[in-house]
Amino acid sequence: MNISVTPYGSVARKRRLLNNHESLAFWVQHLADLIIVCGSLFLFTFIKLGDVPPSYRLLGVVAILCVWIIYRRRGVYRQSHGFYKRSFRLFTAWFQVLLLLALVGFVTKSGEAFSREVLIEWAVVGYILQLISMTVLSALYKHYKVMFSREIPTLVLGTGDLAINLVNNLNSNRWLPDRVLGFVHSDDNPLQDDEVLDLPLPLLGRAEGLRELIQDYNVRRIYVALPVAESEIIEALHIDLLDMNVDVIWVPDIFGLSLLNHSIREVAGMPLISLNESPMTSRRSHIVLKNTMDKILATLALIAFSPLMLAIAIMIKRESEGPVFFKQDRHGWDGKIIKVWKFRSMKVHDDAEVKQATKGDSRITEIGAFIRRTSIDELPQFINVLQGTMSLVGPRPHAVAHNDYYSDKVNAYLSRHRIKPGITGLAQISGFRGETETLDKMEKRVEYDLAYINNWSLSLDLKILIKTPISLLAKDIY
């Protein structure tokens, strides 16, 4: 957030010129990708069929719309990262486009109208051409950036973790013009020698001598990176430096708080910082895609696993009396009570006090031990996905009694409910499945659940779904 916007002659003019070039680079790259996507599809179609039928023209239009929406949301055109990270971001965005087109083809039953050979060539060569275009245009943009930009001498007010992280990020980003000269200490208590040595850049002075430092080092920009406890000095600093012709930029210490899916945006000209927000309400378009993927894949899974589920149901009925399915009250999205479907893996017993299953638990039947170890007992939860109470990927829903027990023992435990619970999740593929016999294990599971919510994306869901079968080989599930 820029507290003071004070142009300083030629530097400001060059910065505006550079911004225009950044905007031009975005549109040139975007237009190039759209031409590549549509042009390569039509080219391969013409080579294969000798013509471009209307169905392929419609596919090209839909593909362009998907690229237009997904690429911008996935940040494909951000120039602030290296080649490998940008290549991976392009790959995941292109994969999402292809996945969305496949889902549309499945729903509309139009997949048979297209040549698989053409689509495979288009998917592979289309990505390679986009990657080449990205590399060439990025090199050209870098050349123009060198011509139209100049380094801005910069100081960072603050010496804490926030300030150190800011400096590291600024110095590692070759696209930013800021050249950080050093730190300025704001606290009355002097830093210890080892603390000074830990700083990535020199400690140039204290806040009291900031005006002299600005003159001595010809500083043109100051980042204020102070903890929340010291934020009261920001207004006084802003007023004091108005006559120094420097940019004063405040970096709010929101990362010192316990955040959940945080975001920064503007509404009616006012900056808003969301400290705690559910992805279910903040990203509507992505949630529609997630729900669509959930429904389609859950339907396909139920069809594919129906013979296995029928065999398991017969074995459960033969081994012990009681129902085939077991439905337990668990907390779902926003803490609402849902009925979670599972194959019954235990003998019928009094469930007044919910107790996690442990190794050698006498309540577990022989077939129950097998289906719990292999997670086959959770296959009926695809029904929950079709009902809309669960997702394929998300934090695992815990029994209500477990939530009541852990809610005041694990920090931010109930924040897990800010997104739909899932059949599998980041915690499960990271080794935290099954029994959580210690508080440390539950804390670690919650840590992964919150990391999933904070970093949620369709590509992350796909990664977790792909890795889930491997995690089922774990031998410590009871």
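Student: In which element of the protein chain is confidence lowest, and in which is it highest?

Tutor: Confidence is lowest in strand β1 (residues 2-4), with a mean of 35, and highest in helix α12 (residues 381-387), at 93. The score is pLDDT, the predictor's confidence in each residue, from 0 to 100. Over residues 1-22 the pLDDT is below 50, although this stretch has 41 contacts in the model beyond near neighbours in sequence. Contact here means heavy atoms within 4.5 Å. Where pLDDT is low, the predicted coordinates should not be read in detail.

This is a predicted model, in which local features need pLDDT of at least 70 and side-chain atom pairs count only at pLDDT 80 or more, while totals for chains, interfaces and linings use all residues. Residues are numbered from 1 along each chain as its sequence is written, and side-chain values use heavy atoms, with hydrogens and water left out.

Student: What is the average pLDDT of the protein chain, and how many helices and strands does the chain have?

Tutor: The average is 79, and 79% of the residues score at least 70. The chain has 16 helices and 12 strands. Helices (H or I, at least four residues) and strands (E, at least two) are DSSP runs, numbered from the N terminus.

Student: Why is P380 called buried?

Tutor: Buried means under 20% relative accessible area, exposed means over 50%, and partly exposed lies in between (1.4 Å probe, protein chains only). P380 has 0% relative accessibility, so P380 counts as buried. Its place is in the loop between α11 and α12. Leaving out residues up to four places away in sequence, P380 touches M309, F325, W341, K342 and F343. In the whole protein chain of 478 residues, 45% count as buried.

Student: What makes the pair K48 and E117 a salt bridge?

Tutor: A salt bridge is a side-chain nitrogen of Lys or Arg within 4 Å of a carboxyl oxygen of Asp or Glu. The closest N and O atoms of K48 and E117 are 2.8 Å apart, and the pair forms a salt bridge. K48 lies in helix α1 (residues 10-49) and E117 in helix α4, so the pair ties together parts that are 69 residues apart in sequence. K48 is partly exposed because its relative accessible area is 42%; E117 is likewise partly exposed, at 41%.

Student: How do you know that K290 and D461 form a salt bridge?

Tutor: Their side chains meet at 2.5 Å, N to O, and the cut-off is 4 Å. A search of the whole structure finds nine salt bridges.

Student: What makes D240 and R211 a salt bridge?

Tutor: Their N to O distance is 3.7 Å, against the limit of 4 Å. D240 lies in helix α8 (residues 233-240) and R211 in helix α7 (residues 210-216), 29 residues apart. D240 is partly exposed because its relative accessible area is 40%, and R211 counts as partly exposed at 27%.

Student: Which residues have the most contacts inside the largest nonpolar core?

Tutor: A nonpolar core is a set of buried Ala, Val, Leu, Ile, Met, Phe, Trp, Tyr and Cys residues joined through side-chain atoms within 4.5 Å. The largest has 38 residues, and those with the most contacts inside it are I312, I316, F343, I371, F382 and Y452. Helix α10 gives the most to this core, with nine residues. Beyond its neighbours within four places in sequence, Y452 is in contact with several residues, including K290, V393 and D461.
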